Every structure is written in structure tokens, then in C-alpha cells.
Amino acid sequence: MEFPKRLKALRKEKKITQVKLASKLHYGYTTIANYESGRNQPNIRDLTKLANTLNVSIDYLVGNSDIKYIEEREWHTKLHTKLKENNISHNVSDYILMKMIYFTVKEMQAHQKYGMDIDDFLYNVLSECQKDFNHSVFLLLQNEQYFDVVKNVISEECTTKM
């Protein structure tokens, strides 16, 4: 997604009008509309102000990354470093699992379910992730076309290995 679309989506997510966002940033009232339409591009100083106001990374705002929030990127970096320090390699599926755990932790914190010790909290996070994963797989398998493709690939794999 390119900058104008990301800016508009973030602004709407925060339930802020173009005029209100422009006012917060001390811009003219049409500045945000011009950014969202692609008529104008912000300079680096203005990108920084926009990203900070919307609480996202500049990379996310301009479309260079899908890591939306600054703290999420910091969490992934810290986790990656700790895994590396312990000689633990991870792949794309691990990254997806880490992302699921991260968002579940954030959601549970937002709902103030952290009134328990860390072991119980982590158990609840993993339990929620398992429920979400099971639900997602169930929904995917309800799609007949998806199911047929998966079934055919598994069948081909099994018959070529025999």
C-alpha cells in the first residue's frame, strides 16, 4: 500500500478528520487532503511528524514495512536478538507465530487481563493463540477451493514420496 492510502487508512482508524489532523500538526486545512490524494508529498520532517502523531513507524507510513507500530518493531528486534544469542534460528512460520503472540499479548493487556503471574499470563496468551489459529484453519478449510488445492498438493506429495 502506498503512502496516500496508508495515511488515509491510519487517519480513519484513529477517527480523525483531515482538518483535525492538519490542525494537530499545525498545517493548513488542505494539506492532509493533498497528501491523501497524492497531489503533494511530505518532506522528511513532515513524515516524521505524521508518523509520531499516528504512532507508527515512517517505514510503515510510506509502505516500506508492514510492521505498523514502533513498539511492535522493537519487540521483534529484541526477540530476534535473544533468539540469536541463544543460537535459535527461526523461519517465516515462527515469525507469524511471534506476531500472533505479540498481538494477543497487546489485546490481553488492553483488556487488563494481566492481573496474574507471568506464567499464567503466558499460558493464557498461548491458549488464545491456539484458539485463533484453530479458528483460522477451520475457516480456511470451509473454503472448498482452498481445501481442494491443499488436498491435491498433499496427495501429490504423498504419491511422489512412495
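In which helix does Leu-141 lie? I find Leu-141 in helix H8, where helices (H or I, at least four residues) and strands (E, at least two) are DSSP runs numbered from the N terminus.

**Ground rules.** I note that this is a predicted model, in which local features need pLDDT of at least 70 and side-chain atom pairs count only at pLDDT 80 or more, while totals for chains, interfaces and linings use all residues. Residues are numbered from 1 along each chain as its sequence is written, and side-chain values use heavy atoms, with hydrogens and water left out.

**Overall.** I looked up the secondary structure and got nine helices and zero strands. Of the 162 residues, 24% count as buried, where buried means under 20% relative accessible area, exposed over 50%, and partly exposed in between (1.4 Å probe, protein chains only). The accessible surface comes to about 11,700 Å², with 55% of it belonging to carbon and sulfur atoms; such areas come from the Shrake-Rupley method with a 1.4 Å probe, and for residues only the protein chains shown count as cover.

**Surface patch.** I returned to Leu-141, which counts as partly exposed because its relative accessibility is 37%. Together with Phe-133, Val-137 and Phe-147, Leu-141 forms a nonpolar patch on the surface, with about 340 Å² of accessible area in total. Patches are made of residues with over 30% relative accessible area and no salt bridge, like charges being joined within 9 Å and nonpolar side chains (Val, Leu, Ile, Met, Phe, Trp, Tyr) within 5 Å. Helix H8 (residues 118–142) gives the most to this patch, namely three residues.

For Leu-61 I listed contacts (heavy atoms within 4.5 Å) beyond four places in sequence, and among them are Phe-3, Leu-7, Leu-47, Leu-50 and Leu-54.

**Helix H4.** I checked which residues of H4 are buried, and they are Asp-46, Leu-47, Leu-50, Ala-51 and Leu-54. They cover an arc of only 135° around the axis, so they sit on the same side of H4; the arc is that of the directions from the helix axis to the C-beta atoms. Ile-44, Arg-45 and Asn-52 are exposed on the other side of H4, and the cover over its buried residues includes H1, H2, H3 and H5.

**Salt bridges.** I count three salt bridges in the structure, each a side-chain nitrogen of Lys or Arg within 4 Å of a carboxyl oxygen of Asp or Glu. In one, the side chains of Arg-11 and Glu-36 meet at 2.5 Å, N to O; Arg-11 lies in helix H1 and Glu-36 in helix H3, so this pair ties together parts that are 25 residues apart in sequence. Both Arg-11 and Glu-36 are buried. In another, the closest N and O atoms of Arg-45 and Asp-46 are 3.8 Å apart; Arg-45 counts as exposed at 55% relative accessibility, whereas Asp-46 counts as buried at 9%.
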